[in-house]
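Thanks for making the time this morning. I would like to walk you through one protein model, and I will keep to what can be read from its coordinates.

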Amino acid sequence: MYDQLVSLLQRQVAALDAVESRLRALELLLAADEQRFLGEAMHELEQASERLAALELGRALVLSSAGLSVDAAASELEADIDEDTVGLFRDVVERLRAATARVGDARERAYAALRPGTEDLRQRLAATEAYAGV
């Protein structure tokens with residue numbers, strides 16, 4: 001069971017890397033004011049996020065089928081892992097934590113890049129309302 005969990009966590013790290021990459025692309029498109037590519041970038045981000053969600057569900061199923069809590073902390077799980085797998089488990093958990101932190105940072109940067117655009121859009125809509133006499 002723990003080898004399945006380690007494999008699944010490794011795929012989660014890769015999925016988080018993909019989400020981070022898509023967020024970075026979105027950030028760059030916003031910074032370059034490349035509106036025409038934003039729809040595709042958002043679609044790719046949604047796909048990467050859906051893959052990550054599916055892997056999270058898989059993780060919960062693996063833990064549940066083993067009779068473990070789906071909310072179990074890594075330190076709780078580590079106590080029951082055989083010594084051949086514990087090193088791999090620790091490594092992938094650290095990589096998962098780092099990838100999660102990078103995604104959080106990338107999300108914040110994307111939000112920051114998005115804010116000026118949303119303000120500009122709000123101002124354009126307000127101007128349209130003013131011109132239309134609304």
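Predicted model: local features only at pLDDT ≥ 70, side-chain atom pairs only at ≥ 80, totals over all residues.

Let me begin with burial, which here means under 20% relative accessible area, with exposed meaning over 50% and partly exposed in between, for a 1.4 Å probe and protein chains only. Of the 134 residues of the protein, 31% count as buried. If we take contacts, meaning heavy atoms within 4.5 Å, between residues at least 6 apart in sequence, 73% of them join residues at least 24 apart.

Now to the interior. In soluble globular proteins, nonpolar side chains tend to be buried together. A nonpolar core, as I use the term, is a set of buried Ala, Val, Leu, Ile, Met, Phe, Trp, Tyr and Cys residues joined through side-chain atoms within 4.5 Å. The largest one in this protein has 34 residues, of which L5, L9, V19, L23, L77 and F89 touch the most other members. The elements that give two or more residues to this core are α1 (2–31), α2 (38–65), α3 (74–78) and α4 (83–132), and the largest share, 13 residues, comes from α1.

L5 is found in helix α1 and counts as buried because its relative accessible area is 2%. Not counting residues up to four places away in sequence, L5 touches R59, V62, L63, L77 and F89, and the C-alpha atoms of L5 and V62 are separated by 6.8 Å although these residues are 57 apart along the chain. F89, with its neighbours within four places left aside in the same way, is in contact with L5, V6, L9, A74, L77, E78 and I81.

How do α1 and α2 pack, in angle and in distance between their axes? The angle is about 160° and the axes are 9 Å apart, the axes being lines fitted to C-alpha atoms over the stretch in contact, with angles running from 0 to 180 degrees between N-to-C directions. That makes α1 roughly antiparallel to α2, a term for angles over 145 degrees. By class, their contact has 21 nonpolar residues (Ala, Val, Leu, Ile, Met, Phe, Trp, Tyr, Cys and Pro), six charged (Asp, Glu, Lys and Arg) and four polar, which covers the others, Gly among them.

Two glutamines give a contrast here. Q12, in helix α1, counts as buried because its relative accessibility is 4%, and beyond its neighbours within four places in sequence it is in contact with L52, L55, E56, R59 and L96. Q47, in helix α2, counts as partly exposed at 43%.

Finally, D33 lies in the loop between α1 and α2, and is exposed, with a relative accessible area of 53%. D33 has a positive phi of about 55° although it is not a glycine. Most residues other than glycine have a negative phi.

Technical notes. Residues numbered from 1 in each chain as written. Heavy atoms only, no water. Helix = DSSP H or I, 4+ residues; strand = E, 2+ residues; numbered from the N terminus. Parallel < 35°, antiparallel > 145°, perpendicular 65-115°, else oblique.
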